[in-house]
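Please study the sequence and the three-dimensional view before reading the solutions.

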Amino acid sequence: MAVMTYRDALNEALREEMQRDGDVFLMGEEVAEYDGAYKVSKGLLNAFGDRRVVDSPISELGFAGLGVGAAMTGLRPVIEFMTFNFSILALDQVINSAAKMHYMTNGQIGCPIVFRGPTGAALQLSAQHSQACETYYVHAPGVKLVTPGTPADAKGLLKASIRDDDPVAFMEGELLYNLKGEVPDDDDFVIPLGVADVKKEGDDVTIITHGKMVNVAMQAAQKMEKDDGVMAEVVDLRTLRPLDVDAVLASVKKTNRAVYLEEGWSYVGIGAQIVSLVQEEAFDWLDAPILRVTQADVPMPYAKNLENLAKPNAKRVIDACHRVMYR
Amino acid sequence: MATKVHMEALSPTMEEGQIVKWVKAEGDEVSSGDILAEIETDKATMELVARGDGILRAVLLDAGDTAPVGAVIGVIAEADEDIDDLVGDAGGAEAATADSAGAPADSDGAVSDGAESGADGPAEHTPEPDNSKSDRDMEAPAATGSGRVKASPLARRLAEEAGIDLSAVSGSGPGGRIVKADVEEAAASPPAPAAPLAAAATPNTQPTAREVSRPTPPPAVWSDAGATEGFEDVKVSQMRKTIARRLTESLSPVPHFFLTIEVDMARVMEARKSVNAAVEKDGDRVSVNDFVLRATGAALRKHPACNAAWHDDTIRRFDHVHVGVAVAVEDGLITPVIRHADRKGLVQISREVKELAGRAREKRLKPEEYTGSTFSISNLGMFGIREFTAIINPPEAGILAVGAIEEIPVVVDGELAVRPRMRVTMSCDHRVIDGATGAQFLQTLRAMLEEPAAILI
Amino acid sequence: MTTDTATESETMADALHGVSPDTARQLLNDMLLYRRFEEKAEEAYAIGKIGGFCHLHIGQEGVAAGCIAPLRDSDYAISAYREHTQAIAKGIEPKHVMAELFGRVDGCSGGKGGSMHLFDIEKRFMGGHGIVGGQVPLASGIAFSIRYRELDELVICFMGDAAVNQGGFHEAMNMSAVWDLPAIYVVENNAYGMGTAFTRVSRNPIDEKALSYGIPATVVNGQDVLETYATFTQLAAKVRAGEGPQFVDVRTYRFKGHSMSDPVSGTYRSKEEVDDRVEHQDPIAILRDTLFEADELDQATLEEYDAEAKEAAQAAFDFADAAELPEPDALYRDVYAELNPNGRLFFDGLDRPDFAR
């Protein structure tokens, strides 16, 4: 296993898939000559040329739609949003064109496209640059949503997403790009969509989460183990659609208690969906109501202290775990 | 090429249309776009235009008649063209083919009936779903004197499996909620005495753990061996749906109250005899209900406050008195309207009721014959019903529920006497009619029926 | 669909804008079919066979005929939601279009698209899009594909005049120009976006919008199908020659309401205006008269064409009316192209058969 950053893992995945399939191209703002706003696409222009690594104007709606049109005719575009905050401009093309294309054409025309970029907050970027956009994308049938939280998952899942025949939103994290981790050395390391990963095993309480928050969940679980001897199980969903419901149910049936941790807002959030599924399908295994730890229900403030208050953190996860364990 | 003339949807909600008149006659030459007929929709009179060129060869629906949207009502063709096949499509045949009238089949596959087709689908016999498992899962634990037991879903399941009566377990969770640990603790301690409820129900057997926590069936008094359970789903017709909707719309928002009065019907019965003796030769025969109708019309004229409707910001008092008469028909009821009931004589009312009720049973009433009433009467006397209440037919403010005439002992002038009496219950919309208002109306009604001379004119 | 060369005399070539008499008669034939088809759709809507929104092309047939006929089968077409006749022009059989309007399984989108979402990948008709202007970036993407693969193809993208005020239009124009995409963007300019006159919502004329991005713009009288045909023949050749995108403002007029639920005239345009256009600007009548004057058409042929068109429309109606509704299990089919073996994709809690393909 090689140790590499999340950024480099993504870069490898892009490079490998572009080598593997000539129909794959990368388009977005600053992806080519600038080597990527976050350097995810570093070196790709040199390797593949400007036919396949295309700098776009700042026109999110336009180049998202252009990507969909290219996918309708069989290319496999990877559309980079500098951040998913900007993709809100492009949502019409994602929801009205990409998500519905295969259905309203009765299966005649598919849309194998990946929309990727960082979601959620970084540090003091304030209201318009600090949004977790998962729910916008996962709400509409027809779209798949992938949220890797580690370098290995980033690589394996991006390769699977590029090969998937449906539109996939692939959400990364600005604060994840420098995260280091072990990535298998396989020639072709692919993680199938729809398989969750138990990042830490435990019997006392389940923390279910996705994306960047996997790392917060791990901090909380490790601290609880050290301080109280509480063994928390951390279930990383990895993909939100398709969703590994079985993995969630198996863990909840083991621990009988669960906390959902997510970076986004609570109202109609991902956690709300998970709570609904668990109470429908594992009601008789619950020993306590499921709690959710989310961002405060406010736009992200700039001031450092307020930002810290708004974001979910390990302490809040631990508090929630204690509450569902009646401690 | 021949072109069918269809009854078209000339308003967005139109389901059927009535020919007001044909502007073109059979044999007329017509071109695409020419006005063929005037159609009364549910909203207005609209023009139906030709969609082909040629001769209007066939007119398949007479003026005054009604057809569902999509029905073939005429044929445009060349003078010498054979149109026999097309004429055969007449009479709503197209509209009757399932969903062709544009109403898509419901997701459960039910197809709405044509408004007048009366072709209710065959009753469906649905096998009882095997939901026994989920029923059992949903069952609440034994109720106890102290009411609901608070326990987590997991604790309930574990208690059931371990045969522990949760009412005897104290909870350590928030608000005393019983959680897994409490059940485990209870299971580890010596067994509690058998719960009294279960013990009483099955005195001769040691109660099993399962029985303790579930309601015990009553002791069998008669055997139900061999009896089976089942049900039949009878498809709900358009009419039944309309009844359900209209009556629900009435009872929920309309604050009903009820006034009952008893009327001595001796004079009406005498009067009826003599009237019938006089009119029999003309083939007429008036009923007691005709008297009630006549009296109601006259009484409403005197009490306009009861001949009214609630319109949120206003109460509309009608100048006209149109009385609806509930008529039982197959699979429901409909209320044909005696228009200007206060201005019509007994015999005329009698004839109209007969004629309308007859056509109502054949489902051949036109919309204007069952809409527009300002007050209604429902009479179940013929079924031996002494007294009942009826649900107001909105937007009307009142309805009379008329019972049977019964010979009953009553005190008249201090003496016990047997008299033919009839109970009438008025349902009032309290937003429009107050208690005293309704009572005064009923007093007038009773006076008219007890002294019917005035309403015989 | 081939570019013809006029072989007749100069004079006649002028009258017919250089279009051969055979092609001109074919265009007349096409437009008659479109007219009769749309009238049949109107009738079917009136008797409840067609539901939802239904936008008729009556009055604008010259656009479908004149813009698409000069193209090749391998070229793509994409449009908005007033696209019935464009779909037919691109080769979808009228019966499959009508069946789609009826929501039947034999419709070109299997009954799942309806009037606004007609598709046929084999005919390269790429929809059928319901959000105003939404198809314009898609067209650019199709053109991007063509250029990426270095194919001798192009895409023609139809939009209404109202679409040019959408942001996506401008973004797509800019990218098309920057990347020399092989596309012809056609504004089907019927002067009204639903009930709003274009002049009320734009200070500058339509062609200036494209010109400002560096895209050559042409204005054509869409009611003169021969002029339209001749223009598009030239423009297609330019695009194929690698000159980059072209933009055309095709002036036309809608004889019917915005959709079947809307009035033909009223507060936004007068009955007199509509009557005047119907009388003087009917693309079918204009071509008919041109051919009469050029002595290239007689009354009997015209009537024969019209009878055929009416029969074709009726046949489409009969086919659609007899076609089956989609099976209930079509409900969940094709939401996704790929059903991943792991995880759950549907969350409605309903029992569903497994739709693995």
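**Exercise 1.** How many residues of chain B are in contact with chain A, and how many residues of chain A take part?

*Solution.* The structure is a predicted model. Two residues count as being in contact if their C-beta atoms lie within 7 Å. By this criterion, ten residues of chain B meet eight residues of chain A. On the side of chain B that touches chain A, helix α3 (residues 153-162) of chain B gives the most, with four residues. Sorted by class, this side of chain B holds five nonpolar, three polar and two charged residues.

**Exercise 2.** Determine how many residues chain A and chain C bring to their contact, and which elements of chain A supply them.

*Solution.* Begin with the counts: chain A provides 47 residues and chain C provides 37 residues. Next, turn to the elements of chain A. At least two residues each come from α3 (60-72), α4 (91-104), β12 (239-241) and α9 (270-281) of chain A. Of the elements on this side, α3(A) gives the most, with ten residues. Finally, consider the classes: the side of chain A that touches chain C has 19 nonpolar, 20 polar and eight charged residues.

Methods:
Residues numbered from 1 in each chain as written. Chains lettered and ligands numbered in written order. Predicted model: local features only at pLDDT ≥ 70, side-chain atom pairs only at ≥ 80, totals over all residues. Nonpolar A, V, L, I, M, F, W, Y, C, P; charged D, E, K, R; others polar.
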